[in-house]
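Student: I am new to this structure. Can you show me how to read its features, one at a time?

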Amino acid sequence: MTSPDLSALLNREQAQAELFDLLRIPSVSADPTRGADMARAAEFLRAKLAALGFAARVDATAGHPVVYAEHLQAPGKPTVLIYGHYDVQPEAPLEEWVTPPFEPTVRDGRIYARGSTDDKGQAYAHVKGAELLLSQGELPVNVKFLLEGEEEIGSPNLEAYLREHAAELKADVILISDGSRFAPDVPTITYGVRGLSYVEIHVQGANRDLHSGSYGGAAPNPINALCEIIARLKDDQGRVTIPGFYDGIDELTEDERQMWASLPHSDEDFAGSIGVPSLPGEAGYSTLERLWGRPTLDVNGIWGGYQGEGSKTVIAAKAGAKVSMRLVPGQDPERITGLIADYVPKIAPAGVSAKVVPHHGGRPFKFDLNSPFNKAANRALKRVYGREAVFARTGGSIPIVAAFNDILQAPVLFVDLGLNEDAPHSPNESFAVQDYFNGILTSAYLLQELGQ
C-alpha cells in the first residue's frame with residue numbers, strides 16, 4: 001500500500017545538509033589534480049548507500065571509479081537501475097561566481113554550487129527518495145544504483161564497465177535524472193535526446209607567425225580563413241551546408257509539432273531569459289522544434305593569434321575552432337563526423353590547409369511515449385505537482401544512453417528534476433531548494449508506482 005503523504009515524512013533540513021556535504025567535494029573529472037576528490041565523492045556515496053542497507057561498493061575503472069549498489073528485497077517486482085554521475089564541470093571562470101563554487105550557498109531559494117543541478121542534486125534526490133521509502137519499510141521494487149565519475153568527459157570507461165558487469169546490471173528499466181523540466185511548474189517526462197558529433201577544425205598557414213606589415217596582403221591568414229570556413233558551414237536560412245548532413249533524418253510528426261505548440265512557451269520570454277533580442281535558427285521551424293527535433297551546428301570555441309593585453313601585429317601561423325553538432329534520430333555520429341571531415345578541406349581558402357580532428361560523440365534516441373514506465377512516471381509526477389506531466393525531447397546529449405540500449409537492453413526513463421535556468425556548466429550553477437525536495441518525493445513515488 002502506498003504512503004498517503006510522504007511529504008510529511010521528509011526531513012528537509014537533513015536532506016539539504018547531506019547534499020551540501022557532497023557539493024563541497026570538488027569532483028572535477030577533467031582536472032587530473034582532482035583524483036583524490038573524485039575518490040572521496042565516490043566513497044561518500046558508497047557509505048551513504050551502505051548505511052541504507054544497500055550492498056554498495058566502489059569499482060575501479062581505467063579512469064575515475066564507479067559506485068554500484070543494489071537492494072534486491074522485492075521478489076517478483078521490477079528492477080529499477082538508477083543512473084547518475086558525481087563528477088562535475090570545471091568551475092572556471094572563477095571570477096564570475098558570486099559565492100565560491102564548492103561552498104554551497106542558498107540565495108533566494110536556490111542552492112548555488114558547482115554540480116548542484118548537474119548532476120549531484122538530481123542523483124542524490126534518488127538516494128534520498130529510496131531512504132524515505134526505507135524509513136517506512138522495504139522498497140516496493142528492486143533498486144540498483146550506478147553512479148559514475150566521468151560523464152562530464154564523455155564517459156570513456158563506462159561502456160567497458162557495462163560490458164563487464166552486464167549480468168549484474170540487468171534491469172527492467174533505467175531511470176535517469178540529468179536534465180531540465182520544461183518550466184518551473186510543469187512536470188516533464190523526456191522521451192528523446194539528441195546525439196552529438198564534436199570536432200575541432202585546425203587551419204595551418206605559414207611555418208611561423210609573420211609580421212603583419214612585412215607579409216600582410218601577400219601571406220595567407222589562417223584566422224581569416226577559419227572565419228570563412230565557419231561562415232560557409234551554414235547558409236542564410238540557418239541550414240547546415242555539409243553535403244549529406246540531413247540525409248535520412250526522422251522528420252517531426254504532426255502530432256509532435258501540435259503537442260509542442262500547445263506547451264506554454266513564449267519566444268519573447270525565452271529570449272529575455274538569456275538576454276538576447278531575437279532567436280535566430282533554421283527557417284520553417286519553431287523554437288522548440290529547433291531545440292528538440294532538428295540537428296544543429298555551433299562553434300563552441302575559437303583561437304588563433306595574439307590575445308594578450310595591448311597589440312602585437314602578427315599574422316598567426318595557425319588557428320582553430322571547436323564545433324559541436326547536435327544530431328536527431330536518423331543521423332549517425334560517426335557518419336556526420338566523416339562528412340564534416342571531408343567537407344572542411346574542400347572549402348578552405350587558398351594558401352592554407354585545414355583538417356578536422358574528431359572528439360567524442362553520441363547517438364540520438366527517441367523512446368515510446370506510451371510505455372508503462374512513462375505512465376508510472378506520469379502518475380508519480382501528478383502526486384507531487386498536482387497536474388499531468390508534459391512530454392518533451394531534450395536538445396542535450398547523453399552518449400551513454402546508446403550503451404545502455406546496446407548492452408543492457410533495457411528501456412530508459414528520463415524524469416528530469418532541474419531547469420535550464422539552473423545554468424548547468426556555467427558560473428553560478430544552482431538548483432532550487434524546492435526542486436530538490438520535489439525530486440526526492442518524485443523518486444519515492446515513482447518507485448511506488450513502478451511497484452504497482
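Tutor: Start with a rule for sorting residues. Ala, Val, Leu, Ile, Met, Phe, Trp, Tyr, Cys and Pro count as nonpolar, Asp, Glu, Lys and Arg as charged, and the others, Gly among them, as polar. Keep in mind that this is a predicted model.

Student: How do the residues lining the second largest pocket divide under that rule?

Tutor: Six are nonpolar, five are polar and six are charged. The lining holds 17 residues, and Glu159, Gly361, Gly362, Pro399 and Ala402 lie nearest the centre of the pocket. Two or more lining residues come from each of helix 4 (158–164), helix 10 (333–347), strand 14 (353–362) and helix 12 (400–408).

Student: Which element gives the largest share of that lining?

Tutor: Helix 12 does, with four residues. The volume of this second largest pocket is about 360 Å³.

Student: Which residues line the largest cavity?

Tutor: They are Leu22, Leu45, His85, Tyr86, Lys120, Ala123, Tyr124, Val127 and Leu147. Sort them by the rule: seven nonpolar, one polar and one charged. Helix 3 (residues 120–134) supplies the largest share of this lining, four residues.

Student: Next, the aromatic rings. How many aromatic pairs does a search of the whole structure find?

Tutor: The search finds ten. Take tyrosine 83 and phenylalanine 404. Their rings are 5.3 Å apart centre to centre, with 75 degrees between the planes, and the pair is edge-to-face.

Student: Where in the chain do tyrosine 83 and phenylalanine 404 sit?

Tutor: Tyrosine 83 is in strand 3 (residues 79–85) and phenylalanine 404 is in helix 12. They are 321 residues apart, so this pair links distant parts of the chain.

Student: Are tyrosine 83 and phenylalanine 404 buried or exposed?

Tutor: Both tyrosine 83 and phenylalanine 404 are buried. Now compare another pair, phenylalanine 431 and tyrosine 436.

Student: Why is the pair of phenylalanine 431 and tyrosine 436 called tilted?

Tutor: Look at the angle. Planes under 30 degrees apart count as stacked, over 60 as edge-to-face and the rest as tilted. The planes of phenylalanine 431 and tyrosine 436 are at 55 degrees, so the pair is tilted. The ring centres are 6.4 Å apart. Phenylalanine 431 has a relative accessible area of 0% and is buried. Tyrosine 436 also counts as buried, at 0% relative accessibility.

Student: Which residues do ring pairs link into a cluster?

Tutor: Phe182, Trp260 and Trp292. Arginine 12 lies over the face of phenylalanine 437, 5.6 Å from the ring centre. The charged end of arginine 239 sits over the ring of tyrosine 246, 4.0 Å from its centre.

Student: How do I read the backbone?

Tutor: Most residues other than glycine have a negative phi, and most peptide bonds are trans. Then look for exceptions. The peptide bond from alanine 92 to proline 93 is cis, with omega near 0 degrees. Proline 93 lies in the loop between strand 3 and strand 4 (105–107). The bond from aspartate 118 to aspartate 119 is cis, also with omega near 0 degrees. Aspartate 119 lies in the loop between strand 5 (110–112) and helix 3.

Student: And what is phi in serine 155 and in glutamine 409?

Tutor: Serine 155 has a positive phi, near 50 degrees. Its place is the loop between strand 6 (142–148) and helix 4. Glutamine 409 has a positive phi of about 50 degrees. Glutamine 409 lies in the loop between helix 12 and strand 17.

Student: Why does serine 155 count as buried, and why is glutamine 409 exposed?

Tutor: Buried means under 20% relative accessible area, and exposed means over 50%. Serine 155 is at 9%, so it counts as buried. Glutamine 409 is at 65%, so it is exposed.

Student: One last residue. Which residues does proline 427 contact, leaving aside its neighbours within four places in sequence?

Tutor: Proline 427 is in contact with Pro93, Glu96, Trp97 and Arg114. Proline 427 is found in the loop between strand 17 (412–414) and strand 18 (430–432). Its C-alpha atom is 7.9 Å from that of arginine 114, though the two are 313 residues apart along the chain.

Key
Residues numbered from 1 in each chain as written. Predicted model: local features only at pLDDT ≥ 70, side-chain atom pairs only at ≥ 80, totals over all residues. Heavy atoms only, no water. 1 Å grid on protein atoms, 1.4 Å probe; cavity = no way out; pocket = protein on both sides within 12 Å on 5 of 7 lines; lining within 4 Å. Points joined across faces, edges and corners; volume = space filled by probe spheres on them. Phe/Tyr/Trp six-rings, centres within 6.5 Å; stacked < 30°, edge-to-face > 60°. Buried < 20%, exposed > 50% of the residue type's maximum accessible area, 1.4 Å probe, protein only. Lys NZ or Arg CZ within 6 Å of the ring centre and 35° of its normal. Contact = heavy atoms within 4.5 Å.
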